[in-house]
Amino acid sequence: MSKPITAFLVNSGQAHTRQLATQLRASNCVERICCLCIQGASAVDGCESIAVDGVASSDAIRSVASATNTSHALLLPHDTGIELGQFAIDRMASVAQSTGANLVYSDYADLKSDKRTSHPTIDYQLGSVRDDFDFGSLVLVDAAALKEASAGHDFRFAGWYATRLALSRLQLPLRVSEPLYAKVEPDVRKTGERQFDYVDPRNREVQIEMEAAVTGHLKAIGVYLKPDFAAVNIDDEDFEVEASVIIPVRNRVKTIADAVKSALSQQATHPFNLIVIDNHSNDGTTELLREIASKDARLIHHIPCRRDLGIGGCWNEGAHHPRVGKFVCQLDSDDLYINAHAIQRIVDVFHAEKVAMVIGSYQMVNFELREIPPGVVDHREWTPGNGRNNALRINGLGAPRCFYTPILRKITIPNVSYGEDYAVALAISRDYQIGRIHEPIYLCRRWEGNSDADLDIARTNTYNAYKDKVRTMEMLARRHKNVG
């Protein structure tokens, strides 16, 4: 009886490719091994060779599908060292065959300097449509489903992305929550550095294809929103001031004075104030804010009655404060506006474009305010017509985020400290247009105290799973909107 799996691994001429092929040949489940050869790499003994232009292209994925004459294809898309666990391939095959799942992936371990560290993945859900979802380095796919899902698109960079989205339309991928292998992690950058890859101008062509792929997927599942937006009348209600800057803070005595000074130094043709939501700081932040407030009445120092608030809950306090302005503008407690005209620039966009939300651009700097990579983050992938659809693919929409207060008050901001801003922006964009400022008006300071500077895998997974859940709920809401 033939074995159920044809394995496909990347071959760029590295020694780890031959080592991996040796491991695969020892498996009871692997019938054939095919190398996806890049840049004329030499053949690997006992493996067939398939020339490809890139492992993620539509042509490469279709080549894999057509070369699979077994029930399943095992994809090993990363050109890195892998150490298979005991009966790892057998376990994946058993799960796929017993459940009928068309895509199976698993947890794994990271190998760094001979140290093995657990690397759990997360479960796939409807909202797991971001293009960097971590399936790991072993993906087992039903051959018939792969042939179906790889048809109908022609991408140079987004072929695998479009294929796995199509596979998810047939059936959601299934995770085996067991570490079935170990891999050498080739990207050792901190999470705070990797998260900005999609805004790198050098990746623009890739991003255009990814947007096309996700847009097609959203249309196929009834989630796509046409560029029709509800009107916004920014003169519906009267407010004490035109704008408020809102700063949630807890224990930022080192940075809060700079942030407050940046807000109070703004120059505008309209009255504005600053509402600092002091979430029961105990490091001297409270006393510092009281001192500044005693000298400038524009600073409203608000300490919530509740003690269970995250950043989102603090934003709810600010948005519903009786002295809040018509427009509210974000400023994090360790960041700064780039100059004294940021608030005026934001308010001008609200009046000119009659939108429910305005998002600016920011410049990444260190604590000495010197620019650091990636420099300016301006989210030029946003387009007025398709931005709210493409927003489901990426992990954020930019900063600073500013809102028309009556519409913000209609939305319950999630009481969490990560992803609350993303959830609000998605909810607003479901009905309303968002205005953009593509020149930097904000300085995002990176320092050791940043909450997302470098996250361990457990925290990364928690954050990613939460944002996927936010997407799931938003996609269900958009589907409901379309049928309603």
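Predicted model: local features only at pLDDT ≥ 70, side-chain atom pairs only at ≥ 80, totals over all residues.
The protein chain contains 15 helices and 18 strands. Its C-alpha trace spans about 80 × 50 × 40 Å along the principal axes. A compact globule of 484 residues would have a radius of gyration near 23 Å. The protein chain has 25 Å, which agrees. Buried residues account for 56% of the 484 residues. Contacts between residues at least 6 apart in sequence were also examined. Of these, 81% join residues at least 24 apart. The accessible surface of the protein chain comes to about 20700 Å². Carbon and sulfur atoms hold 50% of that surface.

The largest nonpolar core has 111 residues. F8, L274 and I428 have the most contacts inside this core. Helix α14, residues 420-429, supplies the largest share of the core, with seven residues. A second core of 31 residues is separate. Its members include V44, I89, M92 and A93. The surroundings of F8 were listed without residues up to four places away in sequence. On that basis F8 touches C34, L36, I50, V64, A67, T68, A73, L74, L75 and L76.

The structure holds 25 salt bridges. One of them joins the side chains of D123 and R175, at 3.5 Å from N to O. This pair links distant parts of the chain, 52 residues apart. D123 lies in the loop between β7 (115-119) and β8 (139-142), whereas R175 belongs to strand β9, residues 174-184.

A second salt bridge connects the side chains of R393 and D131, at 2.4 Å from N to O. Here the partners are 262 residues apart, and again the pair links distant parts of the chain. R393 sits in the loop between α12 (387-390) and β17 (401-404). D131 sits in the loop between β7 and β8. The two partners fall into separate accessibility classes: R393 is buried at 2%, while D131 is partly exposed at 26%.

D296 and R298 also meet through their side chains in a salt bridge, at 2.9 Å from N to O. D296 has a relative accessible area of 18%; buried means under 20%, so D296 is buried. R298, at 30%, is partly exposed. Elsewhere, salt bridges that share partners join R130, D132, D468 and R471 into one network.

Two further sites were examined. T163 is located in helix α5, residues 159-170. With a relative accessibility of 0%, T163 is buried. A polar atom of the T163 side chain lies 2.8 Å from the backbone oxygen of G159. T163 also touches I61, L146, A149, S150 and H153, not counting residues up to four places away in sequence.

G216 is part of helix α7, residues 204-220. G216 is partly exposed, with a relative accessible area of 37%. G216 and G484 are 268 residues apart in sequence. In space, their C-alpha atoms are 21 Å apart.

Definitions and conventions
Residues numbered from 1 in each chain as written. Heavy atoms only, no water. Salt bridge = Lys/Arg side-chain N within 4 Å of Asp/Glu carboxyl O. Helix = DSSP H or I, 4+ residues; strand = E, 2+ residues; numbered from the N terminus. Buried < 20%, exposed > 50% of the residue type's maximum accessible area, 1.4 Å probe, protein only. Core = buried A, V, L, I, M, F, W, Y, C linked by side-chain atoms within 4.5 Å. Contact = heavy atoms within 4.5 Å. Polar contact = N/O pair within 3.5 Å; in protein donor to acceptor, adjacent residues only side chain to side chain. Rg over C-alpha atoms; globule rule 2.2 N^0.38 Å. Areas by Shrake-Rupley, 256 points an atom, 1.4 Å probe, with all protein chains shown as cover.
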